[in-house]
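These are my notebook entries on a single protein model. I looked up selected features one at a time and recorded each in turn.

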Amino acid sequence: MTKYAPLVTFFLIHLATILLIYPEKIIGSTKSGHWEPILVGFFLEWILMWVYLKGLAVFPKMDLVDIFNDLIGKWAARIFLLPLILFFFVDLSVILRVHAEMLTVTFLPEYPIWTIVLLVVIPLYAAWKGIDTIIRSTIILFILCMPITVFSFITSFGNFDIKNSYPLVDAKLSFLNSPDFYSSLFAHTGFLFLGLIPLHKYPILKKHKNIFWTYLSLLVFYFAMVYIPILIFSQETSVRFQFPTIISMDSIDISWIMFDRLTLFYITCTLTSVFVYASLVLWMMINVIQRLYLPFSVTILSIILAAAVLALAGFLPTWNSVQSLIWVDTQIRYYCILVIPAAVFAMGLIKRRQAA
């Protein structure tokens, strides 16, 4: 396994949450100065990730389950980590349902949603094979995915109108009063996986600067996903689109490529990254449930969870119901990204004092 594979995994699970829903939420959160909510969310994760890693560093050979079991006991750990399981379950259902919706809108309008959501079979297989398989596969997927993404971005430059980015500043910070901004924070939850993998097995993750440099490189994608549709269509038009970035790609006419629609390249990348994300989330759920709640085999838990995700994701009747589920997921997410890092940091302080 290449030593960079864990960092690539960290990169791709963030990319999966940026590519589709994030642009719609940020564009809908304010009428101007979209860089402001982007940076607020970005640096919020930066701070929370720093707190999280500081706490995890005190327990170099333990993951989140081990830490909670050791310091507060198994029953307390079950209660404390139950919202994390719920968050993973709802989040995975949402992201699969959104990508299924994207496929029906762009390429497969005649197919029922529930048949396309069967894409969960690929993440199910990867989760069953284990974390090492998932992390190893990200290198190949990254090599396939990134040239396509960068190519899509570059080809969109010719349609930009810089005037569409004005006004540049929202002095009132109106996005702080918008539910869309708080829903957009789902794109800043990728750091949680660092507490659920055996960090001691991946030496490159021991140096926190490697993680932060990787995270910093993602800032380009946070901006690109939001500003590409704004610079092409303007904010007033983009806010009306269900998938603004995909529509932006679909508006680009390149006569010299073999495919008529650039959207095909972009969607290929989104599906690649979502396979990594879904595989990792499914594996993390299985890992926590097996050690804290139900000591079943990986195969049985994989099948049960995949079936439950399909049941929820495949039978949401309308896009409005998807949006409602995203808002439910938002409530649980606050607990996961605020309380869990703070608790790990606090337990790290307690451990240090006990050692002293």
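**Entry 1: salt bridges**

I began with Asp-132, which forms a salt bridge with Lys-201; their closest N and O atoms are 3.4 Å apart. A salt bridge here is a side-chain nitrogen of Lys or Arg within 4 Å of a carboxyl oxygen of Asp or Glu. Asp-132 lies in helix α8 and Lys-201 in the loop between α9 and α10, so the pair ties together parts that are 69 residues apart in sequence. Helices (H or I, at least four residues) are DSSP runs, numbered from the N terminus.

I noted the basis of these entries. The model is predicted, so I kept in mind that local features need pLDDT of at least 70 and side-chain atom pairs count only at pLDDT 80 or more, while totals for chains, interfaces and linings use all residues. Residues are numbered from 1 along each chain as its sequence is written, and side-chain values use heavy atoms, with hydrogens and water left out.

I then looked up accessibility, where buried means under 20% relative accessible area, exposed over 50%, and partly exposed in between (1.4 Å probe, protein chains only). Asp-132 is partly exposed at 26%, and Lys-201 is partly exposed at 43%.

How many salt bridges does the structure hold? I found six. One of them joins Asp-180 and Lys-25, with the closest N and O atoms 3.7 Å apart. Asp-180 is in helix α9 and Lys-25 in helix α2 (residues 21-29), so this pair ties together parts 155 residues apart in sequence. Lys-25 is buried, at 5% relative accessible area, whereas Asp-180 is partly exposed, at 24%.

Arg-291 forms a salt bridge with Asp-66, and their closest N and O atoms are 2.7 Å apart. This pair links distant parts of the chain, since Arg-291 is in helix α14 and Asp-66 in helix α4 (residues 64-72), 225 residues apart. I also recorded that Asp-63, Asp-66 and Arg-291 are linked in a network of salt bridges.

Asn-287 is found in helix α14 (residues 263-292) as well. Is Asn-287 buried or exposed? It is buried, with a relative accessible area of 13%. Leaving aside residues up to four places away in sequence, Asn-287 touches Asp-63 and Leu-196; contact means heavy atoms within 4.5 Å.

**Entry 2: helix α10**

In helix α10 (residues 208-217), I listed Ile-211, Phe-212, Thr-214 and Tyr-215 as the buried residues. They cover an arc of only 160° around the axis, which puts them on the same side of α10. The arc is that of the directions from the helix axis to the C-beta atoms. On the other side of α10, Lys-209 and Trp-213 are exposed. The cover over the buried residues includes α1 (5-18), α3 (35-57) and α11 (219-233).

**Entry 3: backbone in the loops**

I found a cis peptide bond between Tyr-166 and Pro-167, with omega about -5°. Pro-167 is in the loop between α8 (131-156) and α9 (179-184).

Leu-173 also lies in the loop between α8 and α9. Its phi is near 50°, a positive value in a residue other than glycine. Leu-173 is partly exposed, at 35% relative accessible area.

Ser-234 has a positive phi of about 85°, although it is not a glycine. I located Ser-234 in the loop between α11 and α12 (235-238), and at 12% relative accessibility it counts as buried.

Technical notes. Helix = DSSP H or I, 4+ residues; strand = E, 2+ residues; numbered from the N terminus.
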